[in-house]
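Here are my notes on this model, for reading with the structure open beside you.

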Amino acid sequence: MASRRKFLAAAGLAAPAALAAPAIVRAQAPIRWRLQTYSGAPLGAHVIKPQIDAFNAAANGEMEIELYYADQLVPTGELFRALQNGTLDAVQSDEATMASPVDIAVFGGYFPFATRYPLDVPALFRYYGLQEIWEEAYSEVENVTWLSTGAWDPLHIFTVNKPIRSLADMNGLRVFGVPTAGRFLSRYGLIPVTVPWDDVEVAMRTGELDGVAWCGFTEAYEVGWADVCNYALTNSVTGAWFGSYFVNTESWNRVPPHLQQLYRTTIDQSHYYRAVWYWGGEAKLRVEGEKMELTAIPPEEWNQVVHDAESFWDEVSASSPRAAKVVEAFKQYAATMEAAGYPYR
């Protein structure tokens, strides 16, 4: 019996102490990102916070995104540079507002009369080549990767004291707005003014600004600008804002594939959330909102604005071969929608 015990011990089977100790698994520190959006906190509660909350919950401790609103870490006009140098890991903005150095930046935000409805934006990217154009443009930029573009709200002009009932009424109005639309509307005397997003309401109350040309009805009510503005122009310069998601390329490459896919999925979730929020809100607030008087520029005058957009498109098209491709896509899309008729046009 003693010899048998010696044999078992020699074979490593005699006692529990001879069994291999269980491996100790140490949790890897979560990946941490800093993302800044173009929007202030009241608006950000809808345009991005649901997405970030969903991502952080689904990432299950493997990754966490810290969300910052307009100008909290860097000024909005410096978002691109901060993303490129790694101060930020991700950004939600349009190209024009964040001073993106690509030749298609002019199309970010509100490009006059490029769209009529929110679904025009994803349709243009999926079926008319804009996705490939955006990918190509950002492949030439060091350390910044474009991921996705979605639709926001239409562009209306909201004013504090002066109603707009003709093109002449725009002359001399100082408005906070996005760059491309401001550049176009300046031909009618509108004066684009840049101030930090959180200062817009105060600037309107003090008379520094006469209004905003930044958003639609949903945002104007949500962020409190409808409490300051007395008039809302129902003529829309375009049907939807082009907003994009960008990441620092080095930060993106450090994220494992399953979390990259999760991030992309929550971006799509955000696009869906916003499309519904804006689409329902715009109609409801135009009909039921009581804070602003609705005004309109007569069709014969507004038709001139639509016609003027054609020369603006041609001007932008001449700026680069790639810009010309985008303008051509807009023209093909518009022709298709007109030919399709109801409910497209």
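1. Helices (H or I, at least four residues) and strands (E, at least two) are DSSP runs, numbered from the N terminus. With that in hand, glycine 40 sits in the loop between β1 (31-37) and α2 (41-47). This is a predicted model, in which local features need pLDDT of at least 70 and side-chain atom pairs count only at pLDDT 80 or more, while totals for chains, interfaces and linings use all residues. Residues are numbered from 1 along each chain as its sequence is written, and side-chain values use heavy atoms, with hydrogens and water left out.

2. How confident is the predictor? pLDDT is its confidence in each residue, from 0 to 100. The mean for the protein chain is 92, and 92% of its residues reach 70 or more. Contact means heavy atoms within 4.5 Å.

3. Back to glycine 40: is it buried or exposed? Buried means under 20% relative accessible area, exposed over 50%, and partly exposed in between (1.4 Å probe, protein chains only). Glycine 40 has a relative accessible area of 1%, so it is buried. Not counting residues up to four places away in sequence, glycine 40 touches Tyr69, Ala70, Trp197 and Asp198. Its C-alpha atom is 29 Å from that of arginine 187, which is 147 residues apart from it along the chain.

4. Alanine 41 belongs to helix α2. Its relative accessible area is 38%, so alanine 41 counts as partly exposed. Beyond its neighbours within four places in sequence, alanine 41 contacts Tyr69 and Trp197.

5. Serine 244 is part of strand β10 (residues 242-248). Why does serine 244 count as buried? Because its relative accessibility is 0%. Its side chain makes a polar contact of 3.4 Å with the side chain of tryptophan 146. (A polar contact is a pair of N or O atoms within 3.5 Å; within protein, one must be able to donate a hydrogen and the other to accept it, and residues adjacent in sequence count only if both atoms are side-chain atoms.) Outside the four places either way in sequence, the contacts of serine 244 include Val91, Gln92, Trp134 and Ser148.

6. Threonine 295 lies in strand β11 (residues 293-295). At a relative accessible area of 4%, threonine 295 is buried. A polar atom of its side chain is 2.9 Å from the backbone oxygen of isoleucine 164. Leaving aside neighbours within four places in sequence, threonine 295 is in contact with residues including Pro163, Arg165, Tyr231 and Leu233.

7. Now some backbone geometry worth checking. Most residues other than glycine have a negative phi, and most peptide bonds are trans. Asparagine 60, in the loop between α3 (49-58) and β2 (63-68), has a positive phi of about 55°. Asparagine 60 is exposed, with a relative accessible area of 63%. Alanine 99 also has a positive phi, near 60°, and is found in the loop between β3 (90-93) and α5. With a relative accessible area of 49%, alanine 99 is partly exposed. A cis peptide bond, with omega about 0°, joins tyrosine 342 and proline 343; proline 343 is in the segment after α13.

8. Last, the largest pocket. On a 1 Å grid over the protein atoms alone, a pocket is an open set of points where a 1.4 Å probe fits, with protein on both sides within 12 Å along at least five of seven lines; lining residues have an atom within 4 Å of a point. The largest pocket holds about 920 Å³ of space. Of its 31 lining residues, the closest to its centre are Pro118, Leu119, Pro122, Ala123 and Arg126. Elements that each supply at least two lining residues are α5 (120-127), α6 (130-139), β4 (144-151), α11 (257-288) and α13 (321-340). Here a volume is the space filled by probe spheres set on the points, with grid points joined across faces, edges and corners.

Key
pLDDT is the predictor's confidence in each residue, from 0 to 100.
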